[in-house]
Amino acid sequence: MIEPLILRALIPFLTFCLVGCFSNQNPIPPNVVSGVIDLRDWDFDKNGNVPLNGEWKIKWQQFEIKDTQSNTYTNIPGNWTNNFKSSYPNGYATLQIKILVNPKTKFLYLQNGVTRNAFKILIGDEVIYESGKIGTDTNSEIPNISIQTVSLPSILDGTIDINLQISCFHYHVCGVATPYLIGTHNGINKSFFEATSRDILVLASLGTLAFFHFVLFLFWRDEKTHLYFSFVCFLASIRLISIGETRLIYNYLPMGLYELMVRINGITFTLLYLAFVRYVQEIHPEKKYKFI
């Protein structure tokens, strides 16, 4: 008798949850097509932020803004490419996008994504944000990663022209790795704090697990599984600081330490892999599992 009563109570509850989830979904924002995104019918206050994903114009090895008849495009986010086919090598380029918004919209904010390795954001000819120092070769570039929210200049005619100057000489993968967001001040800040909170929550969880299992190892020295699992959690938490959603640590590092962080990421990944392998070996020490 109890089980049918529980099922009768659960079915309406689950139905209500599912209806609520689907009814609260915001409309899907449009993508950038041929360097243009049309947001004239988009209500930023009601529908939230818009990721500027899609086909951005790319001016290879150009920092000066020039209008040319032939346009080349690359997918953002992603490694920069020549018309979505062959990848460009290390170098520098200007990425361009035109955003159409409601003429009544006066103030919007932009949050940049992970852009390797140095970049400068311009609205028209006005520089609104710069991370690191862009250059035309390895010596003139100072790489840096920083995710920030910046206010866009007053919108007069419903058109926002973004020019993103990027140089990439200190890393083998170039371009924009995570989406750029446009929205209201409250919307952008909410998105950033949510991403930061997720990183901090996972970081705290991994750190707690690492400390807990290390203490267990101190009491039971013969149980090395605790030690290796503690290493796995600790190394994963270290990597999360630099490869999490907001790349938290980069916002507080002085310029010039980018290459050091890239090396630390590589070392921690290798150690994390080895620690996990040793952890599995301790759980399954039998010879029949050795090959696996």
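Here are a few friendly notes on this predicted model.

1. Some ground rules: residues are numbered from 1 along each chain as its sequence is written. Local features need pLDDT of at least 70, side-chain atom pairs count only at pLDDT 80 or more, totals for chains, interfaces and linings use all residues, and side-chain values use heavy atoms, with hydrogens and water left out.

2. Four strands make an open, antiparallel sheet in the order β2-β16-β9-β13 (strands are DSSP E runs of at least two residues, and helices H or I runs of at least four, numbered from the N terminus; strands pair if DSSP finds at least two bridges between them). β2 (50-51) and β13 (149-151) are at the edges with a single partner strand each, so one side of each has no neighbour in the sheet.

3. Within that sheet, β9 (109-111) and β16 (181-183) are joined by three bridges, and leucine 110 sits opposite isoleucine 182.

4. Helix α5 (residues 258-283) has 26 residues and should span 38 Å at 1.5 Å a residue, which agrees with the 37 Å between its end C-alpha atoms (the expected span is 1.5 Å times one less than the number of residues). Its buried residues include Tyr258, Met261, Asn265 and Thr268 (buried means under 20% relative accessible area, with a 1.4 Å probe and protein chains only). The buried residues of α5 pack against β10 (115-116) and α4 (224-243), where contact means heavy atoms within 4.5 Å.

5. Do look at serine 167 in strand β14 (residues 159-168). Serine 167 counts as buried because its relative accessibility is 0%. Beyond its neighbours within four places in sequence, serine 167 touches residues including Phe63, Tyr92, Arg116 and Glu141.

Note on methods: Buried < 20%, exposed > 50% of the residue type's maximum accessible area, 1.4 Å probe, protein only.
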